[in-house]
Each structure stands twice: as C-alpha cells, then as structure tokens.
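Please look through the model shown here and work through the questions below, which take up its pockets and its helix contacts in turn.

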Amino acid sequence: MADTTDADLGATPAEGSAEEPARRAYEPVVREITQDDVRAALSEGLSDFRAAPQYGLFFGAVYALGGIAIVLLTAYSGMGYLAYPLAAGFALIGPFVAVGLYEVSRRREAGEALAFGPVLGVVFSQSKRELGWMAFVTLFVMIVWMYQVRLLLAIFLGFQSFASLGEFLTVVFTTTEGLMFLAVGNVIGALLAAALFSLTVVSFPLLLDRDVDFITAMITSVKAVVTNPKPMLGWAAFIVAALVLAIVPFFLGLLIVLPALGHATWRLYRRVVEPAPAQAA
C-alpha cells in the first residue's frame, strides 16, 4: 500500500535505483562538437532555406518589418537617438522569431509535409507553453538592455535632448563623454548578448522538439556552450556579424540572414544534443 502511495505521489526514484538510469536517459545529453559541425550545420540550414524559401522569406519579412517599425516610431516620436540601441535590442529576440524556421527544418528532417497552417499552428500552440516562458526571458533581457542604455545616457550625457539622430551621433563620436557612453554601453551589451546566447542557443529548438521545461532547456543550452566553447564562440561571432550586416541596409538583409541562421540553429542543435531514445530508435 505504501509503495502504491509513493508511486501515485510521483516520488523520485532513489539515486542508484533501477529506475534512475531510465529516468536520466531521457534528460538532454550534450555532445562535443567541432568547427566542422558548425560549418556543416550552416550548410544544411542553407539547404533548408533553398528547399522551402517561402517560409524563410515570410519569417524574415516579419522580423525585418518589426525592425523598420521600431526605427520609424523612434523617429516619429522625436527619439531618433534610441534607434541604434533599440535595433541592437531587437536583434536579441531573433531566436524566438525563428521558432517557425526550426519547425520547418524539423518537418523536413522528419519527412513531414510542409504547409503554413501547421507550421504557424505549432508556433502559436508552443508559445502558450514552455516556449512562452523562454520568450519572456528574451524580452526581459531586452528590457534590461534598454534600461541600462537610458541609465548610461543620464550618467554620461546628462538629461539633454537631441533634435535628431545626427546630432546624437555627433555628440557620441566627438566628445569624451559620448565615447565613454559608447564604450561602456557596448561592453554591457556584449555581456548581455553573451548571456542570452548561452541561455537560448539550443533551448528554443529543444523546447520545440522535446517535452522538457524551460529551466531544463536553459541549463542544457548553457552546458552546450560550456562543453563546446570554441565552436559556440565562433557561431556567436558569426551571428553578430551577420545580423549587423543585415540591419545596415534598413533591416532588409534580414530577409536572407534570419532564415539562414534560423535553419542552421536547428541543424546545430541536432548535432549538439543527442536525440531522445524514442527519436534515436
């Protein structure tokens, strides 16, 4: 009777028991990868994009339009000087926007049919579950980023207002205070971006692929970075460079860059995290 009660209450198997190895077998396992795996993932991601370009262009357009809207709103409201930090912060939510691309790559890998209805349906249904919490994490980091930008503006440039983005850039690049603001802001931004990259590089694909909670997904993502520092650092640097180049032409480069990075991220996830036993069978 006592045994039945423990099972009903969901008691955790004691460490070393026969059930413990079986339970752990389903926990995400991180593998070691090399730079060759990163290059292969990027090549496979580009193949996914070429095979189903309509999905990549759709999600890329949504992301690009969001960036354009942010810049236009800041200009319209007379806060053009916030265009750069907002654009940089907007890039942080890219992993969430790319969830639809992960689903496209997953379906191609599994040999499932592709259609906008099922792809978007998965995105919306997942956003109400653990994936929604991960979206909150990325949004929180973006809010922290914008808060520290305003704080640094007050510290280094005071509470002066700028009539235009050009005037703001002139102050930033021609005064000691402006250069200090730029240097400190970029360092803090790089640290926030590195932290968010570590938390999300495989967590979004993992949540889409497996029935795990978002804490487990973030822990697995950090393990992936710690286990593979050089390949992951190279991948992070490539993402930053690609996004900068994509944003420069008024965000239009995101039409190509976001799909390529999104599909490649799924392929890299498949190389970094071992499949669940049911998937591997």
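Q: Which helix supplies the largest share of the lining of the largest pocket?
A: This is a predicted model, in which local features need pLDDT of at least 70 and side-chain atom pairs count only at pLDDT 80 or more, while totals for chains, interfaces and linings use all residues. Residues are numbered from 1 along each chain as its sequence is written, and side-chain values use heavy atoms, with hydrogens and water left out. Helices (H or I runs in DSSP of at least four residues, numbered from the N terminus) that each supply at least two residues of this lining are α4 (53–76), α5, α6 (94–97), α11 (176–200), α14 (229–247) and α15 (254–272). The largest share, 11 residues, comes from α14.

Q: What is the volume of the largest pocket?
A: A pocket is an open set of points on a 1 Å grid over the protein atoms alone, where a 1.4 Å probe fits, with protein on both sides within 12 Å along at least five of seven lines, and its lining residues have an atom within 4 Å of a point. Of the 43 residues that line the largest pocket, the closest to its centre are Ala-91, Leu-92, Ala-193, Val-240 and Leu-243. Taken as the space filled by probe spheres set on the points, which are joined across faces, edges and corners, the volume of the largest pocket is about 1,100 Å³.

Q: Which residues lie nearest the centre of the second largest pocket?
A: The second largest pocket holds about 240 Å³ of space, and α4, α6, α7 (99–110) and α8 (116–127) each supply at least two residues of its lining. That lining divides into 11 nonpolar, two polar and no charged residues. Of the 13 residues that line the second largest pocket, those nearest its centre are Phe-59, Val-62, Phe-96, Val-97 and Val-123.

Q: How are α5 and α9 oriented, roughly parallel or roughly antiparallel?
A: Axes are lines fitted to C-alpha atoms, for helices over the stretch in contact, and angles run from 0 to 180 degrees between N-to-C directions. Helix α5 (residues 83–91) and helix α9 (residues 130–157) pack with their axes 9 Å apart, at an angle of about 160°. Since angles under 35 degrees count as roughly parallel, over 145 as roughly antiparallel, 65 to 115 as roughly perpendicular and the rest as oblique, α5 and α9 are therefore roughly antiparallel.

Q: How many charged residues does the contact of α3 with α15 have?
A: Helix α3 (residues 35–51) and α15 have axes that come within 7 Å and cross at roughly 125°, and the two helices are therefore oblique to each other. Among the residues that meet are Asp-37, Glu-44 and Asp-48 in α3 and Arg-267 and Arg-271 in α15. By class, this contact has 12 nonpolar residues, two polar and, as charged residues, five.

Notes
Nonpolar A, V, L, I, M, F, W, Y, C, P; charged D, E, K, R; others polar. Contact = heavy atoms within 4.5 Å.
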